[in-house]
Amino acid sequence: MKLLPKILLIVLIAFVTVALLLAIILCSFRYVYNYQKHLVISEASSDGQYELKIYQIGDPDWPFGHTHCRFVLSDDGKTIVKENFDIADDGCIATPENFTVRWFDDSVKITVRGQEQPDMEHILCFDGQTK
């Protein structure tokens with residue numbers, strides 16, 4: 001009689017342990033697929049004061065969906081502008097070939113290219129505005 005409760009307790013602990021491990025694995029996959037940032041480009045202005053980083057956020061939507069990205073413009077390490085956008089590029093990951101960056105006196109212009117979209121221009125101003 002005393003052996004049965006011990007066996008049930010061991011089975012319950014094993015079941016809970018396996019369930020927790022599966023939950024951790026599933027949450028890890030979800031984080032990587034939906035939220036993890038992958039640096040695509042890091043480029044500084046000619047005077048070195050401003051820095052533009054372009055990240056891919058998560059993986060492209062499956063199948064053949066949009067790629068989610070983010071611009072982060074900073075001034076001496078302090079974030080000025082953070083803007084999310086999508087690229088329609090047949091489900092491909094974002095690469096430096098998707099972007100052209102041009103620096104101006106008061107802004108930076110980024111041209112975004114994708115196979116399934118016209119070129120899009122984003123202008124990030126050093127005062128925090130976007131166009």
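I am working from a predicted model.

**Entry 1: strand E2 and its partners**

I began with strand E3 (residues 67-75), which pairs with E2 in the antiparallel sense over 7 bridges. Looking up Glu51, I found that the bridge partner in E3 is Ser74.

Next I turned to strand E1 (residues 37-44), which also runs antiparallel to E2, with 7 bridges between E1 and E2. Here I noted Ile41, whose bridge partner in E2 is Ile54. E1 and E2 make a hairpin, and 5 residues lie between them. In that turn I picked out Gly48, which has a positive phi of about 80 degrees.

Is strand E2 largely enclosed or open, and why? I counted on burial for this: 6 of the 8 residues of E2 (residues 50-57) are buried, so the strand is largely enclosed by the rest of the structure.

**Entry 2: Asn98**

I then went to Asn98, which sits in the loop between strand E4 (78-87) and strand E5 (99-103). Is Asn98 buried or exposed? Its relative accessible area is 6%, and the cut-off for buried is under 20%, so Asn98 is buried.

What does Asn98 touch, beyond its neighbours within four places in sequence? I listed Ile87, Asp89, Ile93, Thr111, Val112, Arg113 and Gly114. I looked again at Asp89, because its side chain joins that of Asn98 through a polar contact of 3.1 Å. Last, I checked Ile110: it is 12 residues from Asn98 in sequence, and the C-alpha to C-alpha distance is 9.9 Å.

How values were computed: Residues are numbered from 1 along each chain as its sequence is written. This is a predicted model: local features need pLDDT of at least 70, side-chain atom pairs count only at pLDDT 80 or more; totals for chains, interfaces and linings use all residues. Side-chain values use heavy atoms; hydrogens and water are left out. Helices (H or I, at least four residues) and strands (E, at least two) are DSSP runs, numbered from the N terminus. Buried means under 20% relative accessible area, exposed over 50%, partly exposed in between (1.4 Å probe, protein chains only). Contact means heavy atoms within 4.5 Å. A polar contact is a pair of N or O atoms within 3.5 Å; within protein, one must be able to donate a hydrogen and the other to accept it, and residues adjacent in sequence count only if both atoms are side-chain atoms. Two strands pair if DSSP finds at least two bridges between them.
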